[in-house]
Amino acid sequence: MEAVSNFLASDLFYRFRKSPVAVVAFIVTALLVLSALFAPLIAPQNPFDAGSLNLMNGFSKPGEPNQFTDETFILGTDDQGRDVFSTILYGLRISLFVGFSAVMFAMVLGSVLGLVAGYTGGRTDTIIMRIADIQLTFPAILVALLIFGIAKGITPPSYRNEVAIWVLILAIGLSDWVQFARVVRGATLVERNKEYVQAAKLIGRKPMAIMLKHILPNTLGPVLVIATISLALAIIAEATLSFLGVGAPPTQPSLGTLIRIGQGFLFSGEYWILLYPALTLLALALSVNLLGDWLRDALNPKLK
Amino acid sequence: MLAYVIRRVFQSIFVLLMVGLVAFSMFRFVGDPVENLLGQERTQADIERVRDQLGLNDSFPVQYVKFLGNAVQGNFGISYRQGRQVSEIIAERAPATLELAGVSAFFAVVLGVGLGVFTAIRRDGFMANIIMTTSLIGVSLPTFLIGILLIYVFAVELGWLPSFGRGETVKIGWWSTGFLTESGLKAIILPAITLGLYQMTLIMRLVRAEMLEVLRTDYIKFARARGLSKRAINFGHALKNTLVPVITVTGLQIGSIIAFAIITETVFQWPGVGLLFINAIQFVDIPVMAAYLMLISVMFVLINLIVDLLYFVIDPRLSADASTRGH
């Protein structure tokens with residue numbers, strides 16, 4: 001309880017309340033995350049359970065009763081009679097899962113490497129940061145595509161669909177660790193010369209404990225900001241890869257896969273199969289992005 | 001300065017060697033090249049012959065050196081899927097991507113600088129505000145959605161422009177160009193806008209920010225006091241001094257234009273190298289992937305190097321600094 005009241009009285013929460021953009025962005029993000037979490041409860045049908053689909057419902061217009069079955073779907077149906085609203089909820093689930101996991105992976109990997117590079121210095125530092133520099137020369141999406149391609153080549157064809165989601169997380173995560181490593185390394189270089197670290201060294205704590213228990217907690221502010229902005233980028237990267245046909249498989253469609261499928265109906269006039277997943281992706285990416293921007297400004301001591 | 005140039009060149013070569021190692025390891029360890037080339041019906045003798053041909057019996061370092069030697073000569077082996085020389089396939093596809101990237105970069109630079117100057121001079125104007133707000137939306141839209149949106153408006157609803165492909169092309173030597181036919185020119189408009197939009201907004205925002213800074217300086221005030229024309233001040237004095245950061249960003253963005261061409265080419269089914277790469281990933285065509293990786297790296301490294309060296313040409317103050325600091 002104390003933690004909650006402390007937070008409500010904090011500077012950060014005050015700034016949050018005073019920024020209408022942040023509040024709206026937070027509400028939209030929270031709504032989308034909640035509806036993804038509870039998708040099985042909210043969705044009118046399970047779009048991947050072939051038994052609950054009726055082909056006669058195909059191409060129902062949004063909000064109008066179907067001409068054969070008289071059923072109504074708020075956002076219409078696709079060619080196989082799948083409710084677009086339900087596929088969006090399930091797609092959102094996969095997009096968010098991949099986005100969150102990829103950022104988590106990048107955050108852990110990048111922070112650990114940054115911490116080690118900054119604390120040990122010398123050759124380890126040079127090697128890690130040189131690799132980071134080389135990777136930074138290339139756009140993240142290219143790196144992710146390459147990792148995805150290599151992973152696909154290594155896994156036997158029969159497993160490819162099953163592991164596709166994990167490969168996607170690995171590819172996006174590996175393409176994104178550099179930002180974290182750079183920031184944590186920078187902060188570590190500053191922290192390691194401070195007195196509390198010297199004191200910890202003097203009482204004989206091991207380097208591992210100093211890095212994780214003393215230095216790491218002091219670098220978390222900027223890491224949190226980068227994580228939020230990375231989340232928006234990871235969601236867009238996932239959508240892009242899936243749109244390119246190298247991401248989530250058709251059996252587990254993410255928002256990007258849905259947009260890819262919907263693009264095929266653009267010319268025949270069934271706009272809703274494309275439009276609603278695209279709008280959902282946009283709302284998600286935009287609100288997470290705005291939240292990240294706000295957090296960056298709010299946690300920046302120079303702007304206070 | 002010479003020492004700096006030499007160090008940068010060595011760094012670039014090191015990066016290329018590393019990328020070469022990645023490309024080579026892909027070729028060597030992802031999937032079995034022999035199996036991919038020979039297919040199901042093969043004899044032990046065939047396998048031995050191909051292993052020997054590909055040099056797979058040599059030691060790892062020897063193979064790596066041979067691979068680099070071949071790559072320098074433009075020989076990347078044979079595509080698993082198409083059974084043709086990879087260099088041949090890429091040479092066939094390269095004009096499409098280069099033309100698209102060229103038009104996009106031109107569009108991004110000309111419009112970006114123009115709109116940047118405009119929004120900086122009229123910083124509180126109605127039009128300038130509209131342009132700035134629109135650009136914010138443009139930055140947050142993923143590339144493929146912009147492409148789909150443009151297709152929907154200009155190809156489906158209005159029917160003015162084609163939604164896919166390159167139109168008719170004319171061959172000049174080995175280069176096939178779409179610039180000489182009406183359908184080719186029409187076909188390049190939508191993909192070029194899709195590809196260049198992000199870079200355009202980036203350049204525009206940068207030019208605007210730099211211009212606003214420069215317009216506040218004393219020498220601009222002095223130029224106004226001397227009674228110079230607005231045009232001479234804005235373009236001759238202000239814009240010129242914003243160029244260093246603009247050239248850096250533009251140079252680096254040319255690299256991303258070529259990388260992001262992958263997405264645009266997929267949306268518009270543009271028959272370029274990016275589409276080739278995506279297909280190679282889908283079918284695990286390792287030689288094509290390795291060749292694309294090497295080519296893109298050479299391009300990125302060269303652009304980075306040129307941008308770094310351009311600083312010295314544009315801004316004489318930098319080389320003075322570097323020599324006093326002992327670089």
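pLDDT is the predictor's confidence in each residue, on a scale from 0 to 100. This is a predicted model, in which local features need pLDDT of at least 70 and side-chain atom pairs count only at pLDDT 80 or more, while totals for chains, interfaces and linings use all residues. Residues are numbered from 1 along each chain as its sequence is written, and chains are lettered from A, with ligands numbered from 1, in the order in which they are written.

Chain A averages a pLDDT of 81, and 88% of the residues score at least 70. Its elements with the lowest and highest means are set out below; helices (H or I, at least four residues) and strands (E, at least two) are DSSP runs, numbered from the N terminus.

| Helix of chain A | Residues | Mean pLDDT |
|---|---|---|
| α1 (lowest) | residues 2–8 | 73 |
| α5 (highest) | residues 84–120 | 89 |

Chain B has 14 helices and 2 strands, and its C-alpha trace spans about 85 × 60 × 35 Å along its principal axes. Of the 327 residues in chain B, 35% are buried, meaning that 20 or more other C-beta atoms lie within 10 Å of the residue's own, whereas 12 or fewer make a residue exposed and counts in between partly exposed, with C-beta atoms placed from the backbone.

In chain B, 27 residues are in contact with 28 residues of chain A, a contact being two residues whose C-beta atoms, placed from the backbone, lie within 7 Å.

B:Gln269, in the loop between α11 and α12 of chain B, has a positive phi, near 50 degrees.
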